[in-house]
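Reader: Before turning to particular elements, I would like to look at the model itself and then ask about its fold and its contact between chains.

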Amino acid sequence: MLDYLVRRILVMIPTLIAISLITFTIIQLPPGDYLTTHIEELRSQGEAVDQSKIDFLRQQYGLDLPFHEKYLSWAWGFLHGDFGYSFEYNLPVSAVVGDRLMLSMILSFATVVFTWVVAFPIGVYSATHRYSAADHTLTFLGFLGLATPNFLFALVLLYFTNVLFGTSVGGLMDPKYIGQPWSLGKFGSVVEHLLVPVIVIGTSGTAGMIRRLRANLLDELNKLYVTTARAKGLPPGRALIKYPLRMALNPFIADIGNLLPQIVSGAAIVSVVLSLPTTGPMLLSALQSQDMYLAGSFLMFLAMLTVIGVLLSDIALAMLDPRIRLHGGVTR
Amino acid sequence: MTIRVPAREPVPHIVSPEPFDPYSVEAMTPRQERYYQASQWRLMWWRFRRHKIAVVSAVVLLLLYASVLVSEILAPYGLESRNPGFLLAPPQQVHLFHDGRLVGPFVYGLNYALNMENLRREYTDDPASVQPLRFFCRGDRYSFWGLVDSDFHVICPAQGGTLFLLGTDRLGRDMLSRIIYGTRISLTVGLLGITISLLLGMTLGGIAGYYGGKADMLIQRLIEVLRSFPELPLWMALSAALPVDWSPIVIYFGITIILGLLDWTGLARAVRSKLLALREEDFCAAAMLMGASPQRIIRRHLLPSFMSHIIASATLSIPSMILGETALSFLGLGLRPPITSWGVLLSESQNINVVVLYPWLMLPVVPVMVVVLAFNFFGDGLRDAADPYSH
C-alpha cells in the first residue's frame, strides 16, 4: 500500500509541473500586461502616475524578465505560498483568493455528494428495472439535464426558488446576514442559497454517473455467480446488495477524476450567473482585466483541486479494491 | 391384473420419394445470403436503421444543417433589421379564423402602451388589424452569403405589418430571424472544432498507439495533464487571450481552434486503444513483413478498420463544443456581435428580469437543447452501428 502511495504521489509531481507551465504560458499569452494598460488608462485621464511604485512592481514581479526567468520566479514563489500580486485589488493574491477558494471547494464537495446521493438510487433502480417506463423516463431526464446549458437552468431555478420559497436572489446568503457573526439562521441561509447551484451543477454530472452505474451493475448482474446465488435461494435483495452492488460501486470513486473537472467547470459559470463569491466570477474579471497573477493562481488552484481530488479517489480505490493495490495498475 | 398394452400401429413409410439435393443443408436463405455478402458499410447502415431515435435525430440534424445554407431566405427579417416601434415585443400568435371566417394564417397587429406605473412596455393584440402572412414574397433586402443581393423570403409579414413569431429583443430585432441566422454560426462552430480535434486526436493517438514506448508515455502524460484542467476555465483563459482588435470573423476561427485544441484528448485515447488492439492482428503483421511503411500500414490497413468508431465518438463530442461556445459567448468571452450565435443571443438573457418579464429572450436555448440531444442520440446510434459484426 505504502509502495503504491509513494509511486502515485511521485507521478503527480511532473503532472503538476506541466500544469503550472501551461497555466503560466496561457496567462502570458495576451499582448501587453496589466501595468502598461493601467498606466495608459491613467495617462489618458490626465492623472499622475506614481512612477516609483510602478517601477517597484515591475521589478518585484519581474515583468521585464525573459519568459523562463519569469516562470521560475513565479513557480518558486508559488511553492513558498507567495502567489504573486493582484494589480486590480492592490493586494497579494493570497489575501484575495483565500475565502473564495474555500467556498469553491465546499461547493464542489457538496455537488459530488449530491451527485452520489441522486445517482445511486436511480442507477440501481434503472438497472434492476431495465427497459421499464421509469427507466426510460429517468434516462431521458438525464439526457435533458445534459443538454440544458447550466447558466440558463440556474436562472430559471433561481426565479422559482424566489417565487416559491422567497429565497433572496443571488449571492451566498440573505443580505441581512452579511457581516454578521455565524448563527444558526445564517448557516441555514447559506445552505438554502447553495441548493440551487448544487442542483444545477450536479445535473450534468449525475446523468453520466447514472449511466455508468447502470451499465456496471447490469454487467455484474449477468454474471454466473449471481445466477448461482439466486439458484441457491438467496433472497433477491440480498443477492443484489451482497456482491453485485459492491462491485458496481467502483465508478463512484473512480469517476471522481472525470467528475471533478466537470463540476469545477460548471461551478465557474453558474457562480457568475448567481453571483456567488466563489472563484468563478473573480477568475472572469481577472481574465478580462489581464490581472495575470490572480488569474494564473485561480487556474492553478482549480487544476490542483482536480489533481488532488483524483489522488484521493485513487487512494480510496486502492484501499477498497485489492486488485488495484496489488497490481499497482492504472485506475479508471 | 393384466396390463393392456395398446396394439402397435405399423410405422408409416418415411423415406421421401422426392430427389434429394445434398447441398440444400448448406444453402442459405436469400436473406442470409444478402447479409453475408453485404459490405461493412451496408451492414452498418442496416444496424443504424434499427435505432429509430437515432434515425429521427439524423433527419433533424440534416434539416438544420440544410437550413444553414439558406438562412437568409428562411428568416422573415434580416439579421440586423430593427423595428424601433416594437422593442421587446412578445411573440405574436398565428390565427386562422377571424370573426368565425377563415382568413388563412394571419396575425393581429400589436398595440403598444407604456404602463406609467411600472414602466413596462405592454403590447396587446389589435383585433381590428388583421395582417395575413405572405409566402414566397419580397421583404427585407439581404446579401445572400455576402455575394448576391436579393429580397426573396419564404415567409414575410403583411405589407406594413409585423411578424414576430418569437418576439423581439431590446433593439426590436425579430428573435426567430436571429435564431435562424445563429444556427449558421453555432452549428459550424461544432463542425470546425471537431475537424481540428479529429486531426489532432488521430495524429497523436495514432503515434501513441502505433509506436508505443516513449512516444506513447509522453502523449499519455500530456493527455492526463490536459484532462485534469477544468475545461471551461481553460477555455475562458484562452479566449480572453484573443486580442481585442481582431475582427469578429477571426475571433470566430480563434474560438473554434480553442475548442478543438482542448477536445482531442478523448479521441486520441480512443484511437490509441483501438490501434493497440489492431496492430496485433495478423493482417498487420503480414503487411509489415511485406515491407510496408508504418505510414502505409496506418493509413491503408488500420484507419479503415476503426474509422467508424472514431466517427461515432467524434459525433458524441460535438455537443460539448456547441455547449462550450454557448457558455463562452454567454460570458462575453466568446463570439462577438455582429457575429450572431445562439450563445450570443442568450447573453441577452443574463439576469433574472428576463425570466420574469421577457421569457421569450430565452428561446434560443430550445435549438441548443434540440441539437445537443440529437447529436447525442445520433452518436449513440452510430456507436452501436460502428461494430456491425457484434450481436
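Author: Two strands are said to pair if DSSP finds at least two bridges between them. The model discussed here is predicted.

Reader: With that criterion in hand, over how many bridges do strand S2 and S3(B) pair, and in which sense?

Author: Strand S2 of chain B covers residues 101-114, and B:Phe106 has B:Pro132 as its bridge partner in S3(B). The pairing of S2(B) with S3(B) is antiparallel, and the number of bridges is nine.

Reader: Which strands form the edges of the open sheet?

Author: The open sheet has three strands in the order S1-S2-S3 (chain B), with antiparallel pairing. From one strand to the next the twist averages 60 degrees.

Reader: In the hairpin of S4(B) and S5(B), which residue takes a positive phi?

Author: Strand S4 (residues 134-144) and strand S5 (residues 148-156) of chain B run antiparallel and are joined by seven bridges, with B:Tyr142 standing opposite B:Ser150 in S5(B). Between the strands of this hairpin there are three residues, and the positive phi, near 50 degrees, belongs to B:Trp145.

Reader: How does the radius of gyration of chain B stand against that of a compact globule of 391 residues?

Author: Along its principal axes, the C-alpha trace of chain B spans about 105 × 75 × 55 Å, and 38% of the 391 residues count as buried. Among contacts in chain B between residues at least 6 apart in sequence, 71% join residues at least 24 apart. A compact globule of 391 residues would have a radius of gyration near 21 Å, whereas the value for chain B is 30 Å.

Reader: Which helix supplies the largest share of the side of chain B that touches chain A?

Author: The contact takes 37 residues from chain A and 32 residues from chain B. On the side of chain B, at least two residues each come from helix H6 (213-228), helix H7 (231-240), helix H10 (294-331), helix H12 (352-357) and helix H13 (365-386). The largest share, seven residues, comes from H7(B).

Reader: And how many residues of that side of chain B are nonpolar, polar and charged?

Author: Sorted by class, the side of chain B that touches chain A has three polar and four charged residues, and its nonpolar residues number 25.

Conventions. Residues numbered from 1 in each chain as written. Chains lettered and ligands numbered in written order. Predicted model: local features only at pLDDT ≥ 70, side-chain atom pairs only at ≥ 80, totals over all residues. Contact = placed C-beta atoms within 7 Å. Helix = DSSP H or I, 4+ residues; strand = E, 2+ residues; numbered from the N terminus. Nonpolar A, V, L, I, M, F, W, Y, C, P; charged D, E, K, R; others polar. Rg over C-alpha atoms; globule rule 2.2 N^0.38 Å. Buried ≥ 20, exposed ≤ 12 C-beta atoms within 10 Å, placed from the backbone. Axes fitted to C-alpha atoms, helices over the stretch in contact; angles between N-to-C directions.
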